[in-house]
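Trainee: I am new to this structure and would like a close look at a single part of it. Could you pick one residue, walk me through its surroundings, and then show me the chain it belongs to?

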Amino acid sequence: MKFMGYRRNDGRVGVRNYVLVVSTVFCGSSVAQKIAALTDTALVTHQGGCGQLGPDKEHTLEILTGVVTHPNVGGVLVVGLGCEQVDAKELMAAADGKPARYLSIHDVGGNQNAEKSGVQLVNELKLEVEKAKRVPVGIDELIIATQCGSSDTGSGLASNPVVGELADLMVGAGGTVILGETGSLYGAAGLMARRAVTPELGQRIIEITNVRERHYKRMGKSIKEANPTPGNIEGGLTTLVEKSLGGVRKGGTTPIQGLLKPGEKIMGKGLWVMDTSLGLGACASADMLAGGAQIMAYTTGKGNPVGSPIAPVIKITATRETVTTLDDIIDFDASPVLLGNETLKDCGRRLLEEVRRVADGDITKSEKFGSNIFAIGSIAVG
Amino acid sequence: MTKHRRYIIIDERDNVATTIEDIDDNEIVTTDRGDIRIVQHIPFGHKFALEDMEAGDYVIKYGERIGRVTATLTKGSHVHVHNVEDIVDEVRKN
């Protein structure tokens, strides 16, 4: 199976050709927002970039580097303040041959000058970025990130297993699938360890869930004690193991090839686990996408509108009511599975077709609305 | 109206099925493992046993152990927190 993608200088393939405005630090976010709004371009802002320590500081730099080098990004304007931890000029240089510019709010003389200068730089970038053309490439070039949000009973029962079917099809075709959301792996860690290609990798997968549980315990929470929640039990979930298995089913059933740090550049094929950072779901998404995933398969029950500035996010639900009431949020209707009219396998094949269409350029609902949600999490230690 | 499935069995190794609509007690559900009489009302999203089980048996869903049965139950029974215990510590041992 082939699709039409953008071959970048580093060999990776993009499914989009975004011009991106990215702020190095939260202080530059307003200027970046104005420039992106005035030029109708993608936008990455975040809460970090200065005053961060140790692993969190390194993580922010790794994510921002992943963003500017991302194959879906055709060109990038880096907006800095001038005195922050993350250096705007260095981040621009990381784009490594891609059309890129930077500006410093201190250097250009304030907000309005930065805005004016930024718009001009983006207009220059647009002319260069437009030169990139789609070429036929194999589907094995795709890296699919998986995520869930606003889940319901249909998530573990239908939409996650449907994404799992997609994952198995992708891996079978030579592509890559990323499973993240470390906290939700807890009850399935033993199973995942047995599916790891080496015993040593299996132990590392168990250990990342131990670190997560210890971290939460220090915060006064425990994954084990808090799950399944009363709402989960009412919905039919009996044990934490069942809940976790329903979540990790998004990754399908193939062997686990390796473990990635949050935001680490994804180089391998097959199914990989990423030890995503602490924070909201958006942080786990940012980790997997910054790592180079070009498309996200996102399962939802009640309907979640979150999109990404650097990748199309395919919203999948098996809940019929959500499909009908949230038409401008849901991209893929898996409800025939929950209505008993379609098998998981057939629905998975239909989802693969949807992925190919999106890779070819079909616009997702969150892209159409312009949802630019991006957040950088912190690193769990313990 | 075409007859549609009323439950999902995610993996062929599973010994429970999950309902995709409420099923009342005494209803007969057709499965590829024979007809099963539902023992008590099973709400949407809950599980019923596909076979008779003894205390100590594992509940299998997604092709994996998800819990341990704590009482004798016949096929068609509601399988949930009242007759299943979590095995999270056990399954986390590699």
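**A close look at Arg37(B)**

Mentor: The side chain of Arg37(B) reaches the backbone oxygen of Asn26(B) at 3.5 Å. That is a polar contact, meaning a pair of N or O atoms within 3.5 Å; within protein, one must be able to donate a hydrogen and the other to accept it, and residues adjacent in sequence count only if both atoms are side-chain atoms.

Before we go on, a word on the model: it is predicted, so local features need pLDDT of at least 70 and side-chain atom pairs count only at pLDDT 80 or more, while totals for chains, interfaces and linings use all residues. Residues are numbered from 1 along each chain as its sequence is written, chains are lettered from A and ligands numbered from 1 in the order in which they are written, and side-chain values use heavy atoms, with hydrogens and water left out.

Back to our residue. Arg37(B) sits in strand β4, residues 34–37 of chain B. Strands (E, at least two residues) and helices (H or I, at least four) are DSSP runs, numbered from the N terminus. Asn26(B) is 11 residues away along the chain, and its C-alpha atom is 5.6 Å from that of Arg37(B).

Which residues are in contact with Arg37(B), leaving aside its neighbours within four places in sequence? They are Asn26(B), Glu27(B), Ile28(B), Lys75(B) and Gly76(B), where contact means heavy atoms within 4.5 Å.

Now step back to chain B. Nine strands and one helix make it up, and from the N terminus the order is β-β-β-β-β-β-β-β-β-α. Its radius of gyration is 13 Å, close to the 12 Å that the globule rule gives for 94 residues, so chain B is as compact as a globular protein of that length. This radius is taken over C-alpha atoms, and the rule is 2.2 Å times the number of residues to the power 0.38. The C-alpha trace of chain B spans about 50 × 25 × 20 Å along its principal axes. Of the 94 residues, 48% are buried.

Methods
Buried < 20%, exposed > 50% of the residue type's maximum accessible area, 1.4 Å probe, protein only.
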